[in-house]
Amino acid sequence: MSAHCQLTGAKPGFGNAISHSHRRTARRFDPNIQRKRYWLAGEGRHVRLTLSAKAIKTVDLIGVEAAVARIRARGVKV
(Lines give C-alpha, C1' and ligand atoms only; values in the text may rest on other atoms or scores of the structure.)
Protein backbone atom coordinates (compact mmCIF):
# COMPACT_ATOMS: atom_id res chain seq x y z
CA MET A 1 0.00 0.00 0.00
CA SER A 2 1.43 3.37 -0.92
CA ALA A 3 1.77 5.92 1.86
CA HIS A 4 -0.48 8.53 0.22
CA CYS A 5 -3.71 9.94 1.64
CA GLN A 6 -6.56 10.21 -0.86
CA LEU A 7 -8.18 13.19 0.87
CA THR A 8 -5.33 15.42 2.02
CA GLY A 9 -2.61 14.22 -0.35
CA ALA A 10 -0.24 13.57 2.56
CA LYS A 11 2.80 11.62 1.40
CA PRO A 12 6.14 10.61 2.91
CA GLY A 13 8.68 13.26 3.77
CA PHE A 14 12.40 12.63 3.56
CA GLY A 15 15.27 13.76 5.71
CA ASN A 16 18.19 12.57 7.78
CA ALA A 17 18.46 10.65 11.00
CA ILE A 18 21.24 12.26 13.00
CA SER A 19 23.02 10.07 15.53
CA HIS A 20 24.72 11.16 18.73
CA SER A 21 28.02 11.33 16.85
CA HIS A 22 26.22 13.52 14.27
CA ARG A 23 26.48 11.03 11.41
CA ARG A 24 23.58 11.39 9.00
CA THR A 25 21.67 8.56 7.37
CA ALA A 26 18.66 8.86 5.09
CA ARG A 27 15.26 8.28 6.62
CA ARG A 28 11.62 8.58 5.66
CA PHE A 29 8.76 10.17 7.60
CA ASP A 30 5.60 8.23 6.71
CA PRO A 31 2.12 9.65 7.41
CA ASN A 32 -0.19 7.58 9.60
CA ILE A 33 -2.14 5.89 6.77
CA GLN A 34 -5.18 3.73 7.50
CA ARG A 35 -7.63 1.91 5.22
CA LYS A 36 -11.19 2.66 6.24
CA ARG A 37 -14.52 1.55 4.83
CA TYR A 38 -17.44 4.00 4.77
CA TRP A 39 -21.07 3.63 3.69
CA LEU A 40 -21.82 6.03 0.85
CA ALA A 41 -25.59 6.49 1.16
CA GLY A 42 -25.94 8.55 -2.04
CA GLU A 43 -24.67 5.65 -4.14
CA GLY A 44 -25.95 2.80 -1.96
CA ARG A 45 -22.53 1.18 -1.56
CA HIS A 46 -19.43 1.03 0.59
CA VAL A 47 -16.23 2.80 -0.37
CA ARG A 48 -12.79 1.89 0.96
CA LEU A 49 -10.58 4.93 1.41
CA THR A 50 -6.87 5.20 2.17
CA LEU A 51 -6.70 8.06 4.64
CA SER A 52 -4.28 9.62 7.08
CA ALA A 53 -5.33 9.91 10.73
CA LYS A 54 -5.92 13.64 10.21
CA ALA A 55 -8.14 12.93 7.18
CA ILE A 56 -10.24 10.43 9.19
CA LYS A 57 -11.00 13.24 11.65
CA THR A 58 -11.86 15.50 8.70
CA VAL A 59 -14.30 12.90 7.32
CA ASP A 60 -15.94 12.71 10.76
CA LEU A 61 -16.31 16.48 10.73
CA ILE A 62 -17.54 17.17 7.17
CA GLY A 63 -19.21 13.84 6.36
CA VAL A 64 -18.48 11.05 3.92
CA GLU A 65 -20.36 12.53 0.97
CA ALA A 66 -18.42 15.82 1.12
CA ALA A 67 -15.12 14.00 1.62
CA VAL A 68 -15.70 11.77 -1.41
CA ALA A 69 -16.63 14.87 -3.44
CA ARG A 70 -13.30 16.47 -2.44
CA ILE A 71 -11.40 13.30 -3.33
CA ARG A 72 -13.06 13.15 -6.75
CA ALA A 73 -12.31 16.85 -7.29
CA ARG A 74 -8.61 16.05 -6.78
CA GLY A 75 -8.94 13.54 -9.63
CA VAL A 76 -8.65 10.37 -7.54
CA LYS A 77 -10.97 7.51 -8.49
CA VAL A 78 -13.17 6.21 -5.65
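**Close-up 1. Salt bridge between aspartate 30 and arginine 28.** In this predicted model, the side chains of aspartate 30 and arginine 28 form a salt bridge with an N to O distance of 2.7 Å; a salt bridge is a side-chain nitrogen of Lys or Arg within 4 Å of a carboxyl oxygen of Asp or Glu. Aspartate 30 is partly exposed at a relative accessible area of 48%, and arginine 28 is partly exposed at 44%. Buried denotes under 20% relative accessible area, exposed over 50%, and partly exposed the range in between, computed with a 1.4 Å probe on protein chains only. The structure holds 3 salt bridges. Because the model is predicted, local features need pLDDT of at least 70 and side-chain atom pairs count only at pLDDT 80 or more, whereas totals for chains, interfaces and linings use all residues. Residues are numbered from 1 along each chain as its sequence is written, and side-chain values use heavy atoms, with hydrogens and water left out.

Close-up 2. Glutamate 43 meets arginine 45 in a salt bridge of 2.7 Å, N to O, and arginine 72 in a salt bridge of 2.8 Å, N to O. The latter pair links distant parts of the chain, with arginine 72 in helix α2 and glutamate 43 in the loop between β3 and β4, 29 residues apart. Through shared partners, the salt bridges join Glu43, Arg45 and Arg72 into one network. Glutamate 43 is partly exposed at 37% relative accessibility, arginine 45 at 32% and arginine 72 at 37%. Helices (H or I, at least four residues) and strands (E, at least two) are DSSP runs numbered from the N terminus.

**Close-up 3. Arginine 27 over the ring of phenylalanine 29.** Arginine 27 lies over the face of phenylalanine 29, at 3.8 Å from the ring centre. For a charge to sit over a ring, NZ of Lys or CZ of Arg must be within 6 Å of the ring centre and within 35 degrees of the ring normal.

**Close-up 4. The largest nonpolar core.** This core has 16 residues, of which Leu7, Tyr38, Leu51 and Val59 touch the most other members. At least two residues each come from β3 (33-40), β4 (45-52), α1 (53-62) and α2 (64-73), and α2 supplies the largest share, 4 residues. A nonpolar core is a set of buried Ala, Val, Leu, Ile, Met, Phe, Trp, Tyr and Cys residues joined through side-chain atoms within 4.5 Å. Beyond its neighbours within four places in sequence, leucine 51 is in contact with residues including Cys5, Leu7, Tyr38, Ile56 and Val59; contact means heavy atoms within 4.5 Å.

Close-up 5. Ala55, Ile56, Thr58 and Val59 are the buried residues of α1. They lie on the same side of the helix because they cover an arc of only 160° around the axis, the arc being that of the directions from the helix axis to the C-beta atoms. β3, β4 and α2 are among the elements that cover these buried residues. On the face turned away from the buried side are the exposed residues Lys54, Lys57, Asp60 and Leu61. Just after α1, glycine 63 takes a positive phi of about 100°.

**Close-up 6. Backbone at histidine 22.** Histidine 22 is located in the loop between β1 (13-18) and β2 (24-29). Although not a glycine, histidine 22 has a positive phi of about 70°. Most residues other than glycine have a negative phi.
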